[in-house]
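Thanks for coming. Please have a look at it first.

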Amino acid sequence: MNRFYAEKYPGLFLGLMCVGIFLAFLDTTIVNIALPSVQKTLGVGMEKLQWIFDAYALTYACFLLTSGALGDRFGRKKIFLVGISGFTLASLLCAMAGSVEWLIVGRILQGICGSAMVPSSLALISELFVSPQERTKAISIWGGIGTCALAAGPVAGGFLIDHFGWQSIFWINLPIGLITALLLLMLKQNTVVKRVRSIDIVGQL
């Protein structure tokens, strides 16, 4: 696989980081529109239906700080790659789930992997864009994409569910995640920042 430096293609690198944040934020809101269809298809009650949303939101929020510490210790790019690859596989599990229990398991994995992409992508952007002006602009774009993803969730979800069924809100993540991971593997960084940090297990619990 041919490698090329991220410093030569900062726009592409920023775009890949934004794809990660877009997927993580999108799956916070897009599932809400699918819940009635999921309830009808899988025949579940409101309690388990609520966990389809909560399983993602809770694991996503709880693992953010730990994901940041893992990125500092093992490398932000590695953690981002693990995050987007795991998110893609978890989306496959959600799309193929034949029961609400497996769907909830998939959502838990999505939440954990989504949390890995957020702090690592922000740290990678800060490393690549050195000047304050470029960094501010890049982080503003990153934050704006995340906000747009939250707003786009209900709209995109409604369109996909009406035309292709509720599973499509997860299937759509597969090509996007796969292409993003492959392109990121081809990007090489001149500098990789790592810091020795212990994992606060008690704090995580």
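I'll start with a pair of helices and the residues between them. From H5, the residues Val 118, Ser 121, Leu 122, Ile 125 and Ser 126 are in contact with Arg 135, Ala 138, Ile 139 and Trp 142 of H6. Sorted by class, this contact has six nonpolar residues, two polar ones and one charged one. Bear in mind that this is a predicted model.

Now the geometry of that pair. H5 covers residues 100-128 and H6 covers residues 132-164. Their axes lie 9 Å apart, and the packing angle is about 155°. Angles over 145 degrees count as roughly antiparallel, so H5 is roughly antiparallel to H6. The crossing of H5 past H6 is right-handed.

Next, H3, which is residues 64-74. Which residues in H3 are buried? They are Thr 66, Ser 67, Gly 68, Ala 69, Gly 71 and Asp 72. These buried residues pack against H4, residues 76-96, against H5, and against H9, residues 201-204. After H3 comes Gly 75, and its phi is positive, near 110°.

Is Thr 88 buried or exposed? Its relative accessibility is 11%, and the cut-off for buried is under 20%, so Thr 88 counts as buried. What is Thr 88 in contact with, leaving aside its neighbours within four places in sequence? The contacts are Asn 173, Leu 174, Gly 177 and Leu 178.

That's the end of my part.

Notes:
Residues numbered from 1 in each chain as written. Predicted model: local features only at pLDDT ≥ 70, side-chain atom pairs only at ≥ 80, totals over all residues. Heavy atoms only, no water. Axes fitted to C-alpha atoms, helices over the stretch in contact; angles between N-to-C directions. Helix = DSSP H or I, 4+ residues; strand = E, 2+ residues; numbered from the N terminus. Parallel < 35°, antiparallel > 145°, perpendicular 65-115°, else oblique. Left-handed = near helix turned anticlockwise from the far one by under 90°. Contact = heavy atoms within 4.5 Å. Nonpolar A, V, L, I, M, F, W, Y, C, P; charged D, E, K, R; others polar. Buried < 20%, exposed > 50% of the residue type's maximum accessible area, 1.4 Å probe, protein only.
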